[in-house]
Structure formats: structure tokens, C-alpha cells
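Here is a short briefing on one protein model and its ligand. Look at the structure first, then work through the points.

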Amino acid sequence: MKIILTGIQPSGALHLGNYFGAMQPAIELQSHGQAVYFIADYHALTSVTKADDLRSYTFDVAAGLLACGLDPSRTILFRQSDVPQVHELAWLLSIVTPMGLLERAHSYKDKIAQGAETNHGLFAYPVLMAADILLYNSDLVPVGRDQKQHLEIARDIAQKFNDRFGPVFKLPEPVIREATAIVPGIDGRKMSKSYGNTISLFGNEKEIKKAVMGIKTDSTPIDQPKQIEGSVLGQLMQAVDPEKYENFKVYGSAPGIGYGDLKKDLLAAIQKRFQPFQEKYRHYQTHPGEVEGVLHDGANRARALAAPILEKARRATGLSSS
Ligand code: ADP
Ligand code: TRP
């Protein structure tokens, strides 16, 4: 059975972009092999600076995935930091990782360009990510396009390790989600927590309503035909309720319909689609022990998968006695 592995960073409250771009595809893939999904809290430490925030975002991702349909009886869901052995592997990989490979990483160069303080964690980020992937003998790694280079780096590192120490690691195949449309935020740019333009997945009703009613529209008067296709409202409706979108496109563009009414329609579609998930999420909020139980069990299963692979790598380098 193929191992399908991915990590989701707990770096902010979940929004519709995260759902359509990362969570929904991961949940769909869980029936295609042994899914191994983790909450990349070590990685998130490179951007989240408050301990309470990291804890709450970590819970948000775990409870959110469970609420949206992740099945913990088949999928291994765990917190990255519950398997600290990944750091031992990261070290073994770092000694075959050329500096130039990391210096060329877009994510690192972008952070520097944005004026971020540079530190070793940011620089070594792709090595830890390679360790995440190789520690579980992953076959397939579904990621967004922005992570493509990190996957290439992971493959490069695996190959260099195998060249030096013998065939220890499988080379992972990326599964790039090109098809996932970029979900626009309420201001028309990509929905992203860093732009403050998100519609939250598990926020309260008032918050979600405020965001939807704040969606940017053009100034077409109410008695004029409107362009719904390609607009933020249209794209969001298309993602949330593709069937309804077909009607929405037509009646929404008719003269006499105001944007306020269309936003109310979108809000109703969001409520209809996500209410069952939100109810489950609230359940987990009041029963955090259930989420903890899933993560605990997931960590045990992950450690069992990882142990022989780490041992093989240790042996190949000469660290183990036999
Ligand atoms: P943010 O941009 O809010 O910081 P992240 O970079 O943490 O979000 O996103 C985690 C994953 O969620 C990404 O790898 C990507 O696949 C998905 N994602 C985030 N925003 C969007 C979006 N607007 N449209 C589609 N997918 C998205
Ligand atoms: N870097 C990924 C992101 O920002 C998260 C991640 C960490 C990951 N380790 C991984 C993804 C291993 C896939 C496999 O989205």
C-alpha cells in the first residue's frame, strides 16, 4: 500500500482557502493508500512566536481535519513534535545537504526579500521537511505548488544519502495540486491570513457574516447587468456550491439584483456547506480530550512506522553497533 504523506502548518486560524486548497484534497486522498498526515508544529515555530497561539492553531488544524471528514481509524494523524526522532534523521540528512541547495530555496530567499530576520531554522527548513518525508518511506506527497521546490530538495537529499551510504531511502513523488483554483480573499487577492482577507472556517457566525458582507464588488448600479463570472463573489460561490453557482451566474447578473442580496446568498451557501463541519468542530472544542486521543494514537502509529527506517539510516552511517 502506498504511503501518502503531507504536513499542514498550524500557523493561523483556518480559512476557506486552506479548506479548498489543502484540507479537502487531503481528506479525499485518504482512501487511496495509507495516509500519514501531520501537523507541522516544528515548522510553524519559524513564524509563530507565541506558545499559546501555536497550541491553539495546532488544535484548530487537528480538530478541523477531523470535523471535515478525516477518518482517524484509517488515517494516521499526528503532531510532528510527538515524533522528535525526525530531528535525528534531519541531522543525518544535513550532512549530505550542500549549502547551495538551501541557498537556492525560494521560500528562504522570499523571506529574506520580505525583510524577515534570518535564522538557522528558516535556512534548514527544507532539511527538516525532507526528514518528515523520508522518515515514513513516503511514496506520494500532495502539496501546493509553492512547495514543489521543497519536494525536489527532499528528492535530491535522499539521492545524495543513498549515493553515499547505500540504498536507504525511497525517492518520494510529489503530487502537485495544480488544479486547485486559488481561492480569492474578500479583497480579491489570494485568500491568506497574511493579507487579513480571509473568511474563517470555524469563526463565529458574526465574524463570517462580516467578512462575506465585506467582499469587494465593483460599482455597477443595481439596475445594470453585473459580471458575476470571474468576480470574487462568483469564484467563492463556485468553490462553495458549484451547482448553485450555475444559477447564481445567471440570475446574479440580471439587472435589479443588488450585490447585497448576492452576498446573502453566498453566506447562506457557506452556512449550508460548513455548518455540519462547524458543529463537529464545536464538539471537539468541548471535548479536546478526543482530539488529544487521536493525536496520541497517531503518534504511536507514526513512531512504529518510523523506527525501522531510522534504524536503517543509523546503521548505514555507522551509528548503530550492528
Ligand atoms: P496562508 O496563505 O493563509 O498563510 P498557508 O500558506 O498556511 O495559508 O496555507 C496552507 C495551505 O493551504 C497551502 O499549502 C495551500 O495549499 C492552501 N491555501 C492557502 N490559501 C489558499 C488559497 N487562497 N487558495 C487555495 N489554497 C490555499
Ligand atoms: N512546508 C509545508 C507547508 O508550508 C508543510 C510541511 C512540512 C510539509 N513538512 C512537510 C508538507 C512534509 C509535505 C510534506 O505547507
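The points below cover the ligand site and then the salt bridges.

This is a predicted model. In it, 14 residues surround ligand 1. A search of the whole structure also turns up eleven salt bridges.

**Around ligand 1**

- By class, the shell holds five nonpolar, six polar and three charged residues.
- Lys 193 places a polar side-chain atom 2.4 Å from an oxygen atom of ligand 1.
- Ser 192 also has a polar side-chain atom by an oxygen atom of ligand 1, at 2.8 Å.
- Gly 17 uses its backbone instead: an N or O atom there lies 3.2 Å from a nitrogen atom of ligand 1.
- On its own, ligand 1 has 540 Å² of accessible area, and the protein covers 81% of that.

**Arg 79 and its two partners**

- Arg 79 forms a salt bridge with Asp 82, with N and O 3.2 Å apart.
- Arg 79 also forms a salt bridge with Glu 292, where the closest N and O atoms are 2.7 Å apart.
- The pair of Glu 292 and Arg 79 links distant parts of the chain, 213 residues apart. Glu 292 sits in helix α13 (residues 288-317), and Arg 79 sits in strand β3 (residues 76-79).
- Is Arg 79 buried or exposed? Arg 79 counts as buried, because its relative accessibility is 17% and the cut-off for buried is under 20%.
- Asp 82, at 22% relative accessibility, counts as partly exposed.
- Glu 292 is partly exposed too, with a relative accessible area of 39%.

**A bridge between two loops**

- The side chains of Lys 170 and Asp 139 meet in a salt bridge, N to O at 3.0 Å.
- Lys 170 lies in the loop between α8 (148-165) and β5 (173-176). Asp 139 lies in the loop between α7 (120-134) and β4 (140-143).
- The pair therefore ties together parts that are 31 residues apart in sequence.
- Lys 170 is partly exposed, at 39% relative accessible area. Asp 139 is buried, at 15%.

**A salt-bridge network**

- Which residues are linked in a network of salt bridges? They are Glu 88, Glu 311, Arg 314 and Arg 315.

Note on methods: Residues numbered from 1 in each chain as written. Chains lettered and ligands numbered in written order. Predicted model: local features only at pLDDT ≥ 70, side-chain atom pairs only at ≥ 80, totals over all residues. Heavy atoms only, no water. Near = heavy atom within 4 Å. Polar contact = N/O pair within 3.5 Å; in protein donor to acceptor, adjacent residues only side chain to side chain. Areas by Shrake-Rupley, 256 points an atom, 1.4 Å probe, with all protein chains shown as cover. Nonpolar A, V, L, I, M, F, W, Y, C, P; charged D, E, K, R; others polar. Salt bridge = Lys/Arg side-chain N within 4 Å of Asp/Glu carboxyl O. Buried < 20%, exposed > 50% of the residue type's maximum accessible area, 1.4 Å probe, protein only. Helix = DSSP H or I, 4+ residues; strand = E, 2+ residues; numbered from the N terminus.
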